[in-house]
Amino acid sequence: MVAVSDGQRSGPAPTAAEARVGEPLLSLALATMLEDVHAHSGAVYVLRPDEPVLEMAVMAGLPRAFAAPWERVGLSAPIPVAEAARERRLVWVGGEEDMARRYPRIAVVLPYPFALAALPVATEATVYGAVFVTWPGSHPAELSDRERDHLTAACDRLALRLRRAAGKGRPLGHEADLLAAPTSGVAGTLGTVEAARMVARLPYGLISLDLHGRIGFANTAAADLLGAQAGDLLGTQPWVSVPWLNDPMYEDRYRAALISQSVTSFVALRPPGEWLSFRLYPSTSGLTVRISRARAVAEMVGSLPRSGRPPSRLVTISQVLSLAGALTEAVGVSDVVQLVADEVAPAVGSQALLILGSRGGRLHVLGQRGYPDPRVVERFDGLPLSERTPATQVLDSGVPGFIDSREQLERLYPRHRGSPDGFAAWAYLPLIASGRPVGTCVLAYAEPHVFPADERAVLTSLGGLIAQALERAQLYDTKNQLAHGLQAALLPHSLAPLPGLEAAARYLPATQGMEIGGDFYDLVPTRPLAAAVIGDVQGHNVTAAGLMGQIRTGVRAYTTVGQEPQEVMRSTNRLLIDLGAELFVSCLYLRVDPARGRAVMARAGHPPPLLRRPDGRVRVLDLAGGPLLGIDAAATYPTTEVCLAPGAVLVLYTDGLIEYPGVDIEDALAGLGEVLAEGGGLPLEELADTLVEHSAAARERVDDVAVLLLRACGEG
């Protein structure tokens, strides 16, 4: 029995509507194109008329499963075929490192040596779709003029045919994929019966795989080495039918051989202890696999001390995808460094890492793990990008650098001879995001380490993922610094000393959004009196913070000119309405007379303050008040006079201190009062910390939190 491709597409069968194509227009054009430029695989995409999506209509040379993630791609997707259609130009990718650097999403899934060209299928007026074709990794790094001209002309001809088809109302749909089918017969691809007998007598195993990886022929030696009956193997994939070959790495070698059209090999352990060598010889119709006993490997493994650890291997696709998912969770730069240290470095066998940023023409150390002497990495901090070092060179060129040994490092960079870091091999990965360099990732290895082509591709792809995470983290850190700087500029740097009063304040930004908000407080000395204000502008953004600054300035101005509390509130309300901000503000304003031990308060929709009397009793002050500021220009704000005896503590706060999902506000106020009653005798700074620490709402910080404490000390 010989497995033979049925010539049908590997994806779902086309619908009846899709099948009304007449002659296979796209298939013929693609086959001609591949033959003209000696490419070994390719696909034609059509642009859907109802959405900006490219849909694969036909694929040739390789099973559709190889391109499964890109059967439907958005026109804005960062992949060559979408870029070609979007920008109406030829996109050339010269090899695996070029692919990993420019299109890490593809390199993660296909980390193999191959070249690719993508072209638009378009007339001057209309884009109908796009085409990609691929060559083995042996293709030169540049596309020849002949290949460029043939591909461009072929796509132009196809566009004209598609325009005519559209003019006739003929729909463009899926066509049967073009896969080379092995020759059928008694001996399958091996030709005559005598040839089959000859193969059967060989002392090593031979199997034939079709493009889908299914076994079409297996000689007796192959069946014996695999430990299975030949009949049971036919029509199956070896990594499915042979249990000890059920490892993604072995299927990966089959994919690598087909895509690169290069001989690949691997060794596998057949339990309990027999090592077998597999050598894969690809062609455009499938693969021939030679299987033999790997005695040299068995002897080498047998002579090594047993460490109890399984043999290491390259990061698998599933691991890379897992690492990519983890990197999306990193928030700040320190998170990226920690995550790379915890997950990426161990996965690739690295013992140390260094993340360098680029700013102002110099390198800056963003973080390191695994270097026993911090002074080793300090030499990178402030290093000019013009210096000839591996870290600067890869950042300047955008091409990763892999150094197998210290001898190679000293040969390429003689100045490093006198600055050992204790490691023996390095991978220098340029971190390029959004088309600009953001830094360099250095992975260091304790022992000399050879970086094969597939490992280089995976590491380069990881560099692209790290770069994107680092760019996001740097933007977050910058935004965070801006938010905190703006908030600090708008709030008092210190509390002004007031006659007869002690004061302490705390501000905590919300942990959601921009970590900047509109909560504010202030103290205004107006001897012999003193004024205090606390408020909350609606929102957690720059607009709220900016309006908060204007409100705080207005309150200070109205206080300084001597307005009474109710007038300060009315003036501030009119100011807010005149500004046209369409945001509301809650506010509590008070004027304190320490000599009389009295405080006059006005409230605009703000939570009531708490008062701890000198005897330790606490009560919530039920103050008269008016509506939120910014609602009614004619609103009035009545005042309430409160006794503030020496030793009394007044707690002003915003709603972020007491409002928390699932907690009743009355219960939260009662709990806050208990903490105040118990700790009211503490120094005011300690009391402020205690009140914040005991608040569930403040711990979660769904909202901004501002707290202002005043303790009466008598006349100053």
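Over which residues does the pLDDT stay under 50, and how many contacts beyond four places in sequence does the model have for them? I start there because what we are looking at is a predicted model, and the answer is residues 1–22, for which the model has 42 contacts beyond four places in sequence. Taking the protein chain as a whole, the average pLDDT is 82, and 85% of the residues score at least 70. Confidence is lowest in helix H11, residues 295–303, with a mean of 50, and highest in strand E4, residues 91–93, at 96.

Let me turn now to a sheet. Five strands form an open sheet in the order E17-E26-E25-E22-E23, and their pairing is antiparallel. Strand E17, residues 501–508, and strand E23, residues 618–620, stand at the edges with a single partner strand each, and so one side of each is left without a neighbour in the sheet. From one strand to the next, the twist averages 15°.

Helix H20, residues 665–679, touches strands E22, E23 and E25, and its direction makes about 25° with that of E22. Helix H21, residues 684–693, touches E17, E25 and E26, with its direction at about 35° to that of E17.

Terms used:
Residues are numbered from 1 along each chain as its sequence is written. This is a predicted model: local features need pLDDT of at least 70, side-chain atom pairs count only at pLDDT 80 or more; totals for chains, interfaces and linings use all residues. Side-chain values use heavy atoms; hydrogens and water are left out. Two strands pair if DSSP finds at least two bridges between them. Helices (H or I, at least four residues) and strands (E, at least two) are DSSP runs, numbered from the N terminus. Axes are lines fitted to C-alpha atoms, for helices over the stretch in contact, and angles run from 0 to 180 degrees between N-to-C directions. Contact means heavy atoms within 4.5 Å. pLDDT is the predictor's confidence in each residue, from 0 to 100.
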